[in-house]
Amino acid sequence: QLQLVESGGGLVQPGGSLQLSCKIFGSLPDYYTIAWFRQAPGKEREGVGCINGAGISTNYEDFVKGRFTISRDRTKNMVYLQLSSPKPEDTATYYCAFRSLQRLIYGTLQCGTEGEYDGWGQGTRVTVSS
């Protein structure tokens, strides 16, 4: 069973940048999916985006497209979430999770819903404020 540990959260100014890390303990097959989710205070958890274990395919929710980037470093067994130009509404606890499959529709990785994911990290809190 994989274990995931997030880090990198903190305070960031609007328009700044912040990189979150997801350390993966165990071997991640290429066909697995790693997703980032977030939960803002008083709100339900929502998906942000995902990447496959090979680090080749990604997908993002519309509200972060062009601002957030997910990447994979296989040598370090890490997945990253780069927050660029964050907004106050991006304030949330961010979680990474793994799913033991990948779903592709016309070659596009499908992130799916949180119920499809088999394991979660403990989360890292991000506050976007000036």
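1. Strand β5 (residues 46-52) and strand β6 (residues 58-60) run antiparallel and are joined by 3 bridges. Strands here are DSSP runs of E with at least two residues, numbered from the N terminus, and two strands pair if DSSP finds at least two bridges between them. Cys50 stands opposite Asn59 in β6. The two strands form a hairpin with 5 residues between them, and Gly55 in that turn has a positive phi of about 80°.

2. A word on what you are looking at: this is a predicted model, where local features need pLDDT of at least 70 and side-chain atom pairs count only at pLDDT 80 or more, while totals for chains, interfaces and linings use all residues. Residues are numbered from 1 along each chain as its sequence is written, and side-chain values use heavy atoms, with hydrogens and water left out.

3. Strand β5 also has a partner in strand β4 (residues 33-39): the two run antiparallel, with 6 bridges joining them. Thr33 stands opposite Asn52 in β5. β4 and β5 form a hairpin with 6 residues between them, and Gly42 in the turn has a positive phi of about 80°. Of the 7 residues in β5, 5 are buried (buried means under 20% relative accessible area, exposed over 50%, partly exposed in between, with a 1.4 Å probe and protein chains only).

4. Now to the rings. There are 6 aromatic pairs, counted when ring centres of Phe, Tyr and Trp (its six-membered ring) lie within 6.5 Å; planes under 30 degrees apart are stacked, over 60 edge-to-face, and the rest tilted. Phe37 and Trp120 make a tilted pair, 4.8 Å centre to centre with 50° between the planes. Phe37 is in β4 and Trp120 in strand β12 (residues 119-120), 83 residues apart. Phe37 is buried at 4% relative accessibility, whereas Trp120 is partly exposed at 28%.

5. Tyr95 and Trp120 form an edge-to-face pair, 6.4 Å centre to centre and 80° between the planes. Tyr95 lies in strand β9 (residues 92-99) and Trp120 in β12, so this pair ties together parts 25 residues apart in sequence. Ring pairs link Phe37, Tyr95, Tyr117 and Trp120 into a cluster.

6. Do look at the charged end of Arg45, which sits over the ring of Trp120, 3.9 Å from its centre. The rule is that NZ of Lys or CZ of Arg is within 6 Å of the ring centre and within 35 degrees of the ring normal. The charged end of Lys23 likewise sits over the ring of Phe25, 5.8 Å from its centre.

How values were computed
Helices (H or I, at least four residues) and strands (E, at least two) are DSSP runs, numbered from the N terminus.
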